[in-house]
Structure formats: structure tokens, C-alpha cells
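This report goes through one protein model, part by part. It begins with a sheet, then turns to helical spans and a cavity.

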Amino acid sequence: MNTWNYTKESDFILMGLTDSKEIQLVLTVLFVLIYLVTVLGNAGMMLIIRLDAQLHTPMYFFLSHLSFLDLSYSTVITPKTLQNLLTSTKVISFIGCFTQMYAFVLLAAAECFLLASMAYDRYVAICNPLQYPVIMSTRFCSTLLTGSYMIGTMDSTVNIFCMNTLYFCRTKVIHHFFCDTSPILALSCSDTRNIQIIIFIFAGSTLVVSLITISASYVSILSTILKINSTSGKHKAFSTCASHLLGVTVFYGTLIFTYLKPSNSYYSGKEQVASVFYTIVIPMLNPLIYSLRNKEVKSAIHRVIKKQKGSRLKFRVALSD
């Protein structure tokens with residue numbers, strides 16, 4: 001049987017989402033618009049948080065890095081997807097495919113623990129407000145962030161190391177629009193049972209630990225909110241975490257729907273749509289969720305715009321003098 005890895009053959013073929021030229025054109029226009037909104041929304045969110053001193057708090061520190069992660073893994077997936085939609089050649093090199101997979105796993109795993117860190121931040125803010133400045137210190141926030149990236153790097157390194165041991169003797173066609181773990185495992189003629197177990201343990205641990213942290217935080221938050229007597233107090237407390245709760249629900253909902261499925265159902269249209277949602281659509285939605293539902297962000301945008309107008313006016317006055 002003819003086997004190959006990167007030392008013999010250098011290309012995979014990404015089948016993409018559809019063979020229909022008409023649908024490809026519609027998807028191209030749609031994905032371009034989504035990607036532009038993603039770039040502008042996430043870059044804008046990072047810029048606003050950096051420029052406005054009142055947003056230099058732990059919550060917005062994490063939110064700026066959430067925008068960075070969303071922008072990064074959208075950039076890892078979307079441009080190559082657009083290239084495949086626009087051209088007849090859907091080839092991706094072995095190195096390119098594994099690089100895409102490495103970056104995607106790293107960023108997605110890091111986002112899981114970043115969302116967990118944001119949930120813990122909301123827990124401390126609502127359940128222990130007097131100790132909030134002490135607990136959520138700059139050093140501790142930086143530790144949580146570093147830990148998120150380290151766990152993402154560990155998951156991704158283990159994943160790519162396992163995948164790099166495989167030999168492929170079947171078709172080189174990946175039935176997906178990006179290099180994900182499951183479709184590539186399906187191409188291998190090696191025994192993948194042990195590799196699947198290892199990947200499942202690491203990926204499952206990331207998902208379960210982060211979900212437990214988020215769930216425990218929100219159970220405590222809900223318990224505290226229910227103890228508040230005034231309706232306005234309850235509304236104010238809930239509004240501080242509503243955006244994050246919505247973002248978590250959308251992100252984890254699509255992840256669970258996509259990956260907690262039997263392997264033989266992975267290539268169905270529903271799973272592909274879910275993959276599109278969390279790789280391309282969610283990075284666009286997050287800045288909208290966290291800005292449109294957040295009065296502090298809206299106020300910060302107005303302050304930054306007003307400050308920029310003031311600076312320009314002073315500059316013009318100085319030139320006229």
C-alpha cells in the first residue's frame with residue numbers, strides 16, 4: 001500500500017463548502033463582508049480600550065485579548081477559505097495545513113480559558129466587590145492570561161505532534177474548508193485510536209475545566225444576585241455579565257455541537273455550518289455583543305471621538321497662530 005507524509009507528498013486538497021459556482025460567489029461576498037466587520041470590530045475594540053483610560057480595568061484587559069484572539073483565528077481561517085472559493089485550485093501544502101491547524105487549536109484553546117478568566121473576574125466583581133482590586137491585580141490578570149496562552153500552546157503542540165506521526169495512504173482530499181483535526185485523521189492509514197484518545201483527553205480537559213470554571217462562577221453570581229433586594233440592583237448586577245454570558249453560550253454551544261458528535265456524522269452539512277459559525281461568524285459577533293450591550297464601551301467611544309476632535313482643533317489653532 002502506498003503511504004506518504006510530508007517527506008513524499010506535500011499537498012492536501014480542501015474540498016470547501018460547496019461545488020456550486022453560484023453559491024461560491026454568494027459565500028465569497030458574504031465572507032468578505034464578515035471578515036471586514038471582524039477586522040474593524042476587533043481592531044476597533046482593542047484601540048478603544050487602549051485609548052480610553054477608564055477602560056483600563058481587568059474586565060477590559062481580558063476583553064482586549066479576546067478581540068485579539070478572535071481577530072487572529074479568523075485570519076487563520078478566512079483568507080484561505082476565500083482563496084479556495086475564488087480559485088479552482090484548492091490545494092494547501094502539508095506544512096501550510098499543519099500550521100493552520102496548530103494556530104487554530106492554540107487560539108481556540110486559549111479562548112476557552114480566557115472566557116473562563118472573564119467569568120472568574122465577573123464572579124469576584126459581583127460576589128466579592130470589596131476585595132476586587134486586591135484579587136484582580138494586574139499581576140494576577142497577567143498570570144491568568146499567560147496561563148491561557150500556555151494551555152493553548154500545550155494543547156496545540158500535543159495535537160500537532162500526534163498528527164505528525166501519521167502516514168496517509170488514502171485520498172489527499174480533506175472534506176472540510178480548513179485543516180481541522182478530525183478530517184485529517186480520517187485520511188490516515190495508521191492506527192489512530194491511541195492518537196484520538198490523547199487528543200480527546202487534552203481537548204476534553206480544556207473544554208471541561210473551562211466550562212466548570214464558567215459554570216461555577218455563574219452559579220455563584222446568580223446566587224448572589226437573587227439575594228439582592230432591589231430590582232434595580234439585580235438588573236445592574238446582571239447587566240455586568242450578560243454580554244459575557246451570551247458570548248460564552250454562543251461559543252461553547254457551537255463547539256459542543258460540532259465536536260461532540262460520532263465521527264461518521266462529522267461531514268454532514270449541519271457540522272460544516274456550525275464550523276463556519278464559530279470560525280468565521282463568532283469573531284465578528286463578539287465585538288458587537290460586547291459593545292452594543294455595554295454602556296461603558298459606548299461612552300468610551302464618544303470620549304475618544306471627542307478627544308480626537310479636540311486634539312485636531314488645538315492643532316489647527318496652533319497652526320493658525
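This is a predicted model: local features need pLDDT of at least 70, side-chain atom pairs count only at pLDDT 80 or more; totals for chains, interfaces and linings use all residues.

In general, the strands of a sheet pair through backbone hydrogen bonds, and the pairing is either parallel or antiparallel.

Strand β1 covers residues 11-14 and is joined to β2 by three bridges. These two strands run antiparallel. Within this pair, Ile13 has Val91 of β2 opposite to it.

## A helix across the sheet

## Spans listed in the record

An unreviewed UniProt entry lists residues 25-48, 60-79, 91-120, 197-225, 237-260 and 272-292 under "transmembrane region". Two of these spans can be described further.

Residues 25-48 are 100% helix and 0% strand in the model, with 34 Å between the end C-alpha atoms. Residues 197-225 are likewise 100% helix and 0% strand. For residues 197-225, the end C-alpha atoms are 41 Å apart.

## The cavity

How many cavities of 30 Å³ or more does the count give? The count gives one cavity. The largest cavity holds about 50 Å³ of space.

The residues lining the largest cavity are Met15, Gly16, Leu17, Thr18, Gln24, Thr81, Asn84, Leu85, Lys90 and Phe177. Sorted by class, this lining has four nonpolar residues, five polar residues and one charged residue. Helix α2 (residues 58-86) gives the most to the lining, with three residues.

Notes:
Residues are numbered from 1 along each chain as its sequence is written. Side-chain values use heavy atoms; hydrogens and water are left out. UniProt positions are given in the numbering used here, feature names are shortened, and annotations may be inferred rather than shown by experiment. Helices (H or I, at least four residues) and strands (E, at least two) are DSSP runs, numbered from the N terminus. Two strands pair if DSSP finds at least two bridges between them. On a 1 Å grid over the protein atoms alone, a cavity is a set of points where a 1.4 Å probe fits but cannot get out, and a pocket is an open set with protein on both sides within 12 Å along at least five of seven lines; lining residues have an atom within 4 Å of a point. Grid points are joined across faces, edges and corners, and a volume is the space filled by probe spheres set on the points. Ala, Val, Leu, Ile, Met, Phe, Trp, Tyr, Cys and Pro count as nonpolar, Asp, Glu, Lys and Arg as charged, and the others, Gly among them, as polar.
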